[in-house]
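Please walk me through this structure in the viewer, one selection at a time. Tell me what to pick and what I will find there.

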Amino acid sequence: MSDDRPADQLPPDLLRGLTTPRLTRRRALQVGGLSALGLALTACSIPGAAGSKLGLSAARKEIEKFWLNQHKTGQFRFGNWPLYIDVNPKNQNDHPTLDQFTKQTGIKVTYAEPIQDVGSFFGKVQPQLAAGQDIGYDLVVITNGLYLDKMIGLDYLTPLDQTRMPNFYANASDLVKDPSFDRGNVYTMAWQSGITGIGYDPKLVGREITSWQDLMDPAFRGKIGMFADTEDLPSSALCAIGVNPETSTPGDWRKAAAWLRKQRPLVRKYYEQDYVAPLSKGDIWASMAWSGDIFQANASGANLKFVVPKEGAPIWTDNMCIPGHAQHPLDAMTYMDWVYQPSVAAALAEGINYITPVPTSAANIIKDANALTGQDKASLKEFASDPLIFPSVADYTKLHRYRVLDAQEQKVWNSLFEPIYQS
Amino acid sequence: MSRSRLRARLVPYLLVLPGWLWLVIFFVVPTLVMLSVSTMTGDLGTGFKQTFHWSTYSDGWRLYHVQFVRSIVYGLIATAICLVIAYPVAYWIAFRGGRHKSSLLFLLLLPFFVSFVIRTQSWNFILSDNGMVISRLKDWHWVGQDFHILATPVAVIGGLIYNFLPFTVLPIYVALERVDPALLEASADLYASKTAAFRKVVLPLSMPGVFAAVLLTFVPVTADYVNAAILGGTKTTMIGNVIQTEYFTNLNYPLAAALSFILMGGLLIGVFAYAKSLGTDDVLDMAGA
């Protein structure tokens, strides 16, 4: 995901970070303004941004100073999505990797799953973040896209301590290192990534599905599920009409909206997070789906298939980040880098089934597999070579990031796509 | 003397003060705040600013009038069916319930002990395309292979009726309970047939209850979003769902507030028109009877 935007088209929030005088102000010395410094750092990897040198080195120093003043507190609070971490098969509320972390570092983790949807989570914590208060979590997992852009743009995140990321820099995949939505990993480290493709029941569909156009097949009338959102739904429709969402134009959006409107009579429902159950039960035969969900459904007995459509598909990354004014940033930081050890990443990948940010963990998974026997061994070995967990370079050429929208574009985009799923 | 008189005059006001404060703090103030939000522009990032942008209302209506009309139609159908079911139930409990009245009422309220989201979700499970009911019907060839109930208006309206029926039964029951059985005997003495006695005595006396029942059913049914979210499909989205999404997912507070006010205005006009058609100007008087 290279960012080939010319320097004169920097996003406005980034430009603001480069040009505002706030770096020299006293406020910048406080934790609250600290993230503004990180914003300036974000810019350091984009060449040609003149006049920012003073701000940048000052910013780096302030961030260093902030982290120098942090001490290990022996605990942190982790706010994650549901079903997004490994679980002990005997106890759904026990997470072996967290236990292991506590054992190795002495840091206790208070684990909660408050995030169902980035938009509504942001809506809930935004007033506290704006007021400079602790939101009750030291580590949250936020999907790249509109709301992460907002959180970065509004200085709501604590810049990371780049000196405490050795595992990340040694083991992270190219996909998540220096990503376009957070240049230089100033604020975020990936938790997992995933693909939005098509999940289907081969028995009910009765043929192989390869393309987004298959979701337009009248034979599936009333048996098709789509997503009710303004990122995956429009991006998939753009892929369907052969356009890369990242570089799409308002003209393309209109065509994609027309495609979706034409498809609507065939759609049973626009789902939020609740499409897996109807897909497993047979209420719908084929649906837009997230790769890991289909894996997990199959692991609990369903017989579904997931396919990355030949026209391409959206890829997204969920990111660990430290909210501003967190109480235990150093402990959270320790954990963020800790999960980048291949053995830990392997355990998480086996539990979550999304695209792991640590490709070398495949070797650990094979090692785990060799310790098993029979069917378990075979399926875990298969897992280690699954392109949906460890995509190849060729796979990546088909996967596209979301379009970054400014406020005006956002309005046009929403007014085109919202009425489609709110029918 | 004058002091105690003053006190006597003040006491009723002081007694009603907590109620007023409650209403002002938790209803009037939030409503005014929402009214002001509805004409703001901006977004959460840059903040919302008051610009008296009234066209949010016309935009909201233009984008979502289908959902408004649909909600009102669903509300009317569900309320009508609720009345048809609830009246005989209430009548039976009031006049034939005897000493079991309170047990019967308890049975009516029993479902409330389980969260209505869970009960609605259970319907989703029972009625699923390959679930226990529909797959049987398909096996017996009573319905075609394409037949389904979920994701249709029937499922949504059915869910609404199921969830709100007790709100229809209870007010009618209360009204019927108050009808003195002696009136029926008097009617019989005056040579009224049973039907005539019902039509001329019981029904008119129960109308305040029916009115309250319609109010208590129609208003929340029209604004409901849970049934459409769990049991509905593409063409069953109600205005409550749109408002919910605009508030919580898209964080478009002005549009959400404007849609809420359009709904509130529509419902108020409807309710007052209904009261007028029943020949009373005083809605509260009717409802409180």
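**Before you start.** This is a predicted model.

**Stop 1: a helix pair in chain A.** Select residues 361-370 of chain A, which form helix 15, and residues 374-384, which form helix 16. Look along both axes. The two helices pack at an angle of about 175 degrees, and their axes lie 8 Å apart. An angle over 145 degrees counts as roughly antiparallel, and helix 15 and helix 16 of chain A are therefore roughly antiparallel to each other. Now show the side chains at the contact. Helix 15 of chain A contributes Ala362(A), Ile365(A), Ile366(A), Asp368(A) and Ala369(A). From helix 16 of chain A come Lys377(A), Leu380(A), Lys381(A), Phe383(A) and Ala384(A). Colour this contact by class: 7 of its residues are nonpolar, 3 are charged and none is polar.

**Stop 2: where the chains meet.** Show both chains. How many residues of chain B are in contact with chain A? There are 21, and they touch 23 residues of chain A. Next, select residues 239-248 of chain B. This is helix 10, and it supplies 3 residues, the largest share of the side of chain B that touches chain A. Colour that side of chain B by class. You will find 10 polar, 7 nonpolar and 4 charged residues.

**Stop 3: two loop residues in chain B.** Go to Phe52(B). It sits in the loop between strand 2 (47-50) and helix 2 (55-96) of chain B. Is Phe52(B) buried or exposed? Exposed counts as 12 or fewer C-beta neighbours within 10 Å; Phe52(B) has 9 inside 10 Å, so it is exposed.

Move on to Tyr191(B). Look for it in the loop between helix 7 (181-189) and helix 8 (194-223) of chain B. Tyr191(B) is not a glycine, yet its phi is positive, at about 65 degrees. With 7 other C-beta atoms within 10 Å, Tyr191(B) is exposed.

**Stop 4: a helix crossing in chain B.** Keep chain B and select helix 2 together with helix 6 (residues 153-177). Their axes are 7 Å apart, and the packing angle is about 45 degrees. Helix 2 and helix 6 of chain B are therefore oblique to each other. Their crossing is right-handed. Finish by colouring this contact by class: 24 residues are nonpolar, 1 is polar and 1 is charged.

How values were computed
Residues are numbered from 1 along each chain as its sequence is written. Chains are lettered from A and ligands numbered from 1 in the order in which they are written. This is a predicted model: local features need pLDDT of at least 70, side-chain atom pairs count only at pLDDT 80 or more; totals for chains, interfaces and linings use all residues. Axes are lines fitted to C-alpha atoms, for helices over the stretch in contact, and angles run from 0 to 180 degrees between N-to-C directions. Helices (H or I, at least four residues) and strands (E, at least two) are DSSP runs, numbered from the N terminus. Angles under 35 degrees count as roughly parallel, over 145 as roughly antiparallel, 65 to 115 as roughly perpendicular and the rest as oblique. Two residues are in contact if their C-beta atoms, placed from the backbone, lie within 7 Å. Ala, Val, Leu, Ile, Met, Phe, Trp, Tyr, Cys and Pro count as nonpolar, Asp, Glu, Lys and Arg as charged, and the others, Gly among them, as polar. A residue is buried if 20 or more other C-beta atoms lie within 10 Å of its own, exposed if 12 or fewer, and partly exposed in between; C-beta atoms are placed from the backbone. A crossing is left-handed if the near helix is turned anticlockwise from the far one by less than a right angle, and right-handed if clockwise.
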